[in-house]
Amino acid sequence: MHNTTISQQSSEYGAVLTPEEAAEIMKLEVSDIEALITEGQLKASSICGKLRISATAIEEFFAKTFEKPLDITPASELICNTTKNEGDDNLVASVSMSKIKADGRYLVQVDKGYDPATGKRNRESKTFRSEDKAKVYAEILKLKYADVPATSEFKPKANMRYIDYLNWFYSRDKFEISDVTKRSYFDCCRMIRTQLEGMNKLNITLENMNDDVAVKILRLLAKAKKSQSLIDKVRIVMKKSIREAFVKGVLSGNDYTPLIETVKTEADSAERMPYTKQELDMLLGYAKNHSSLYPILCVFKSTGMRPEEIRCLKKENLNWNKKTIHIEHAVIKKYDNLDINSRGSAKEEIGNTKSKYGVRTLPLSDEAMNALKEWQSQVEKHPIGKDSKYIFFGKDGEFMTESQLSNRWKRFLQKYELNKKGIILYRFRHTYCTNLILSGYSLSKIQRLMGDNSMDVINKIYTHLKTDEIAEDEEIRGIINS
C-alpha cells in the first residue's frame, strides 16, 4: 500500500525530502522521523548541515517494516506483539492501539513491564488524530521492541525507599479497591512523604521504617490539627503496607503485625459531634430562604444519607403515599493516572452504593415531606427540572455534581458567616445515627438504616455517648428533644 503511494507523493517534493516532508508522507510526527534516523532505522544524509531523506530510503524502510501491505483493521482491535523471557510466563511486553471514545483520538501504548526502581508499570503512550498514523506508529514500536524482553514482575526489596514501596503497594493491579478509596490512600501517602521530608527521612528504607518513625508521623499530623479520621487512615495505610512486607517475606519474620499506636487529636471534635436542636433550627431557618438548598437539608436531617446518594435520587424513588425514599444508587468517581505524584483526573458517574447495605428504603419526616412538596411545585415550572428524572438536578438536568452541591453549601455558609470549622454536611449523618442510638435501636438495625457495611462509624459515635454524658449533657438533651 505504502510503496505505491510513496513514489507518487514524493514526486510533489522531489527525490530528496526534509524531515517535515517525510513526516507528511509517512503520516508521523517530525520527532518520530528524527528518532527513526537516530536509531538507524531510516537512512538520511546531511546536506549543507541539514537532514535530508530520499524517497528510496522511505520505500526501503516500509519494505523492511511491512513484509506485506499494512492492514488497517478497526481501531477497537488491539495490535499486540508479545515477547516473553525464557522460563517465565509472567513477562509480557506488548504494543497496543485503541480508540479513545471521549474524543475520537487513537492511543498507542507500549507496556515494558515493571520499573525496577519504583515497581510501577513501565508504560509509554502517544495519541493521534489519524488512525493511519497511529497504525504506522504501532507497527514501528512492534519492530523496535520485538527483541526487548519485558521487565519481570516487580519484587520489592527491603533496602528500597519506603515512599517508593508505598507507591508500588497501592498502585498494584492486584490491590482491588475502589477508585475513591485508592485516591484517599494516595492522599495519605503524599502526607506521609511530606512528613518524612520534614523529618529529613525522605530516603528512609522499608527495613528502617519502624513503629517509632510511623508514630512520629501521626503525632506531627495531630500537631498540625489534622482530623482524627485522617490520622487513623494514615495509620492504616502505613500498617497495611508494612505488614504485607513481612507477610511476603520482604522483611524478616512472617507473623509480625505493626504495633503503630493510635494517636488521638481533638482537632475535629466539633465535626464528630451531632448537631444540637439549636444548631439544626438555625441552619434550617436560614435555609428556608434558599429554596434549592432547604429540601436537601431536610432530607439529610430525616435520613442521614450520604451526599453522593442524595445527589442522584430519582423522582421515582420517592413514594408520596408511604412517605419513604428508596436509595439504590450513588454518584461514584472514576480516576485515571492515580499515584503518589498525581491526584489523577476524575469523572463522576452513577454507580452502586458504597456497600450492599446501601440499597435501602427510609422513612421521611413530615418536615422533609413538606419541603419536598414545595420543591416539586417549583420544579414543575422549571424549564430543565420539569423534564429531569432527578429530584435534585444539575444545570443540564442530569444528577447534581459534587461541585454543584459543594458550591451551593459554601455560598450558604459564607452568607450567614457560618463557614467555620465544624459546620459540614456530613454532621447530618452523625446526627441521624446519634438519634437512632439514643432512641434505643439495636446496632444491627442502625447499621441497616445507615447503609453501612461495617459497624466502625456507628461504634465511633456510640463511644462518644457515655451514660453519664447522656444524663448530664444539655447538648445531648437538646438532641433528644429534636
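Helices α7 and α9 cross at roughly 90° in this predicted model. Their axes come within 9 Å. An angle from 65 to 115 degrees counts as roughly perpendicular, so α7 and α9 are roughly perpendicular to each other. Look at who meets whom. From α7 come Ser184, Tyr185, Cys188, Cys189, Met191 and Ile192. They meet Leu230, Lys233, Val234, Val237, Met238 and Lys240 of α9. By class, this contact has 9 nonpolar residues, 1 polar and 2 charged.

Now turn to α6. This helix covers residues 162–171. Its buried residues pack against both α7 (179–198) and α9 (228–247). How many of the residues of α6 are buried? The count is 10 of 10, and the helix is mostly covered. Among the buried residues are Tyr162, Tyr165, Trp168, Phe169 and Tyr170. Asp164, Asn167 and Ser171 are buried as well.

The crossing of α16 past α17 is right-handed. On the α16 side, the contact is made by Arg429, Tyr432, Cys433, Leu436 and Ile437. On the α17 side, Ile446, Leu449 and Met450 take part. The contact of α16 with α17 divides into 7 nonpolar residues, no polar ones and 1 charged.

An α-helix has 3.6 residues a turn, so residues three or four places apart point the same way.

Notes
Residues are numbered from 1 along each chain as its sequence is written. This is a predicted model: local features need pLDDT of at least 70, side-chain atom pairs count only at pLDDT 80 or more; totals for chains, interfaces and linings use all residues. Side-chain values use heavy atoms; hydrogens and water are left out. Buried means under 20% relative accessible area, exposed over 50%, partly exposed in between (1.4 Å probe, protein chains only). Helices (H or I, at least four residues) and strands (E, at least two) are DSSP runs, numbered from the N terminus. Contact means heavy atoms within 4.5 Å. A crossing is left-handed if the near helix is turned anticlockwise from the far one by less than a right angle, and right-handed if clockwise. Ala, Val, Leu, Ile, Met, Phe, Trp, Tyr, Cys and Pro count as nonpolar, Asp, Glu, Lys and Arg as charged, and the others, Gly among them, as polar. Axes are lines fitted to C-alpha atoms, for helices over the stretch in contact, and angles run from 0 to 180 degrees between N-to-C directions. Angles under 35 degrees count as roughly parallel, over 145 as roughly antiparallel, 65 to 115 as roughly perpendicular and the rest as oblique.
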